[in-house]
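Please look over the sequence and the structure before reading on.

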Amino acid sequence: MAHSSVSSDMESNWMTLGNCSNHPPETFFPSDGVGVEVAKKICAECPSQEPCLEYALAHRIDHGVWGGTSERQRRRILKARKEARAVISGRTR
Ligand code: SF4
């Protein structure tokens, strides 16, 4: 399992089901855009995609492909969620 080293027992159920186990860990820590796309295609078929993404977002993991997203995509998601929370709470920033 590529990402299991950062999980706790409570959080790792989804990891045992992930498609990561069929691929070398380095597949999910690519060094270029082509590698990112390869990893994202594997994630697209993974039954654990949603919990995997939420785990990476919750733990602010900024390296590697998690839940079908690149580092840049996760930063955008976090920023969008932060802005959405600000709007809901009535703040503009
Ligand atoms: S979504 Fe991708 S990174 Fe996450 S468990 Fe599945 S294959 Fe691994």
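Around the ligand there are 16 residues, of which G18, C20, C43, C46 and C52 come nearest, a residue being near if its C-beta atom, placed from the backbone, lies within 6 Å of the molecule. Two or more residues of this shell come from each of the elements α2 (33-44) and α3 (49-58), where helices are DSSP runs of H or I, at least four residues long, numbered from the N terminus. This is a predicted model, in which local features need pLDDT of at least 70 and side-chain atom pairs count only at pLDDT 80 or more, while totals for chains, interfaces and linings use all residues. Residues are numbered from 1 along each chain as its sequence is written.

**Helix α2**
- V36, A39 and C43 of α2 are buried, that is, 20 or more other C-beta atoms lie within 10 Å of their own, whereas 12 or fewer make a residue exposed and counts in between make it partly exposed, with C-beta atoms placed from the backbone.
- Seen down the axis of α2, the buried residues fall within an arc of 70°, so they line one face of the helix; the arc is that of the directions from the helix axis to the C-beta atoms.
- On the other side of α2, V34, E37, K41 and A44 are exposed.

**A58 and R60**
- A58, found in helix α3, counts as exposed because it has 10 C-beta neighbours inside 10 Å.
- R60 lies in the loop between α3 and α4 (71-88) and has a positive phi of about 50° although it is not a glycine.
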